[in-house]
Every structure is written in C-alpha cells, then in structure tokens.
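Good morning, and thank you for making time for this presentation. I would ask you to keep the sequence and the structure in view while I speak.

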Amino acid sequence: MTAFPDGAYRRRIRVVIKEPGVVEGALEDDFHHFVVMLRHDGERVAAADAGARRWPWSTCPGAAEPLHAIEGMPLAPRCLAVGDHADPKRNCTHMFDLAGLAVSHAFRGGPAGTMRQYDVEVPAGAQAGAEIDVRLWRDGVLVHTWTLAGRGCIAPSPFSEAPWRGGFLRWADRAFDPDDAEAVIVLRRACDIGMGRGMDLDGVERAQELEPIMKGICFTMQPEHIAVALRNKGTIRDFDGDPAAMLADGP
C-alpha cells in the first residue's frame with residue numbers, strides 16, 4: 001500500500017521568466033511532477049511545450065500534444081484564459097493549469113528571474129469528516145486559510161458560500177481580480193487533489209476501473225486513453241516532512 005494516512009499533502013508550483021519571451025513552470029506534489037515551457041512574442045503564445053517527470057498513469061506524458069492548442073492565444077492576466085482556447089478535459093489537468101499560470105505570468109512580465117511560487121498544505125482527515133485548515137502561500141506569504149469538512153468549505157466567507165462543486169473556478173474567475181482569483185483557483189484545485197492522500201491509489205491497476213466516476217475528466221480519462229492507461233505504481237511521494245524537496249531541481 002503506497003499511501004500516507006497522516007500528515008499533509010503538499011503542492012508547490014513555480015513559474016519563472018527565464019529570458020525575454022520565455023516562461024518556465026513546474027508543479028510537484030505527492031502524485032505529480034510536470035513542467036511547461038512557454039515561448040511568446042510579447043503578445044501571443046508562440047509555443048507551449050510540456051514534460052512529465054513523475055506521473056500517475058502510463059498515458060499521462062502524451063498530454064503534451066493537446067497542449068499545443070493554446071499556441072496563438074493572446075497573453076492574458078487570467079490563468080483560466082487557456083480554457084477559452086483549448087478544452088481542459090482533453091488535456092492533463094495539471095499541465096493545463098500550469099500552462100495557464102505560465103500565460104498569466106508572461107502577461108505580468110518583468111526581467112529575467114521574475115518568479116511566482118505557490119505552496120499548498122492540505123492536512124489528512126477531511127474525507128473522514130474532520131475539520132481541517134488548508135493553507136496557501138504565495139511567494140512565501142500566507143494568503144489563504146480555509147476550513148474544510150468532508151468535501152466542502154465551511155469557512156471563511158465568501159468561499160463557504162461559493163459553489164464548491166460544479167462552478168467554483170468560474171465563480172472565482174468572476175468574483176476577484178485576476179491576481180487574487182489565481183491564488184483562489186490554485187488552492188481550490190489542490191483541495192481536491194489532496195484528498196488522494198491516504199488512499200491506496202496503487203491498488204488500482206487500470207484507469208478503466210475508475211471509469212464510473214472519472215470518465216472524460218482529463219486526457220487519460222478520455223475514451224481513447226482510459227482503456228489502455230495503466231497505473232504508474234511506486235511514484236507517490238511524501239513531502240510533509242521536507243516541503244523544500246519539491247522542485248529542488250528547478251526551474
């Protein structure tokens with residue numbers, strides 16, 4: 001059983017302007033490690049490339065291909081703007097989210113080395129109904145603490161009144177300015193992914209076993225991939241005791 005029932009799920013996301021016209025991004029957590037390189041001309045995305053360094057399903061690396069659909073889109077301050085130009089469900093959720101953050105970082109601009117980093121902590125226990133506090137830091141500063149119970153947010157307002165399922169990201173995109181919405185969206189996504197901590201995910205052999213609850217939600221779960229996707233076992237990591245190990249090799 002590859003599971004960690006105690007402690008906290010951790011996620012780190014970093015986007016960096018490497019040089020004029022180039023943004024690199026990386027995302028790492030218990031279950032994933034993906035990278036994205038975005039090239040732009042100051043107005044539009046010229047190229048979007050992605051790589052998988054640690055992934056849960058045998059088909060995940062192939063999700064780099066549909067990400068090319070965002071090439072040609074204008075740079076935008078909204079991290080969800082990529083969804084206006086490509087179908088998120090035909091993409092890897094994590095590569096696609098990371099590409100959106102790279103697009104918004106390119107829009108903000110700045111000299112080489114300009115960086116944004118998000119760190120998320122989701123303690124174990126919410127699935128069992130316990131109240132937990134989830135936290136998000138942006139560039140080392142704590143900006144959000146939400147209290148979850150079960151599979152919903154109970155505090156603070158307005159997050160406790162938002163549609164937790166079926167529209168939270170769109171709600172955040174409308175309710176806040178792009179910079180504030182971005183942090184809210186990053187934390188909300190991690191709340192769902194963090195629920196996997198403590199589950200025996202390696203007990204699933206084939207993605208098709210999850211078809212009743214996950215069909216169509218991402219690249220691997222599309223009909224043409226779900227039938228052949230195998231679990232990439234032994235790839236789960238526990239960063240609770242050493243969050244600094246995430247993205248230790250860059251960008």
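Across which strands does helix 3 lie? Helix 3, residues 178–194, lies across strand 1, strand 2, strand 5, strand 6 and strand 7. The angle to strand 5 is about 40°. Please bear in mind throughout that this is a predicted model.

Let me place that helix in the overall arrangement. The chain contains five helices and eight strands, and along the sequence they follow the pattern β-β-β-β-α-β-β-β-β-α-α-α-α. The eight strands make up an open sheet in the order 4-3-2-1-5-6-7-8, and the pairing is antiparallel. At the edges stand strand 4, residues 45–54, and strand 8; each has a single partner strand, so one side of each is left without a neighbour in the sheet. From one strand to the next, the twist averages 20°.

Helix 1, residues 93–108, also lies across strands of this sheet, namely strand 1, strand 2, strand 3, strand 4 and strand 5. Helix 1 runs at about 35° to strand 3.

Strand 6, residues 131–138, and strand 7, residues 141–149, run antiparallel and are joined by eight bridges. Within this pair, Ile132 is opposite Leu148, and Asp133 is opposite Thr147. Two residues separate the strands in the hairpin, where Asp139 takes a positive phi near 50°. Asp139 is not a glycine, despite that positive phi. With a relative accessible area of 41%, Asp139 is partly exposed.

Strand 7 then pairs with strand 8, residues 152–155, through three bridges, again with the strands antiparallel. Here Thr147 has Ala155 opposite it in strand 8. This hairpin, too, has two residues between its strands, and Gly150 in the turn has a positive phi of about 65°.

In helix 2, residues 168–175, the buried residues are Phe168, Trp171, Ala172 and Asp173. Their cover includes strand 7 and helix 3.

Helix 3 brings us to a residue that deserves a moment of attention, Glu182. Is Glu182 buried or exposed? Its relative accessible area is 1%, and because buried means under 20%, Glu182 counts as buried. Which residues does Glu182 touch, once neighbours within four places in sequence are left aside? The contacts are with Cys79, Leu101, Ser104, Arg108, Arg116 and Tyr118.

Leu247 is buried, at 2% relative accessibility.

Next, the cysteines. How many disulfides does the structure hold? The number is zero. For Cys60, the nearest cysteine sulfur is that of Cys92, 6.0 Å away. A disulfide requires sulfur atoms within 2.5 Å, so Cys60 is in no disulfide. Cys218 is likewise in no disulfide, and the nearest cysteine sulfur to it, again that of Cys92, is 7.0 Å away. Both of these cysteines are buried: Cys60 has a relative accessible area of 8%, and Cys218 stands at 15% relative accessibility.

Finally, some values for the chain as a whole. For 251 residues, a compact globule would have a radius of gyration near 18 Å, and the 17 Å of this chain agrees with that. The C-alpha trace spans about 50 × 40 × 35 Å along its principal axes. Buried residues account for 50% of the 251 residues. Of the contacts between residues at least 6 apart in sequence, 59% join residues at least 24 apart. The accessible surface comes to about 10800 Å², and carbon and sulfur atoms contribute 53% of it.

To close, I return to the sheet: eight strands in an open arrangement with antiparallel pairing, with helix 1 across strands that include strand 3 and helix 3 across strands that include strand 5. Thank you for your attention.

Terms used. Residues numbered from 1 in each chain as written. Predicted model: local features only at pLDDT ≥ 70, side-chain atom pairs only at ≥ 80, totals over all residues. Heavy atoms only, no water. Pairing = 2+ DSSP bridges. Helix = DSSP H or I, 4+ residues; strand = E, 2+ residues; numbered from the N terminus. Buried < 20%, exposed > 50% of the residue type's maximum accessible area, 1.4 Å probe, protein only. Axes fitted to C-alpha atoms, helices over the stretch in contact; angles between N-to-C directions. Contact = heavy atoms within 4.5 Å. Rg over C-alpha atoms; globule rule 2.2 N^0.38 Å. Areas by Shrake-Rupley, 256 points an atom, 1.4 Å probe, with all protein chains shown as cover.
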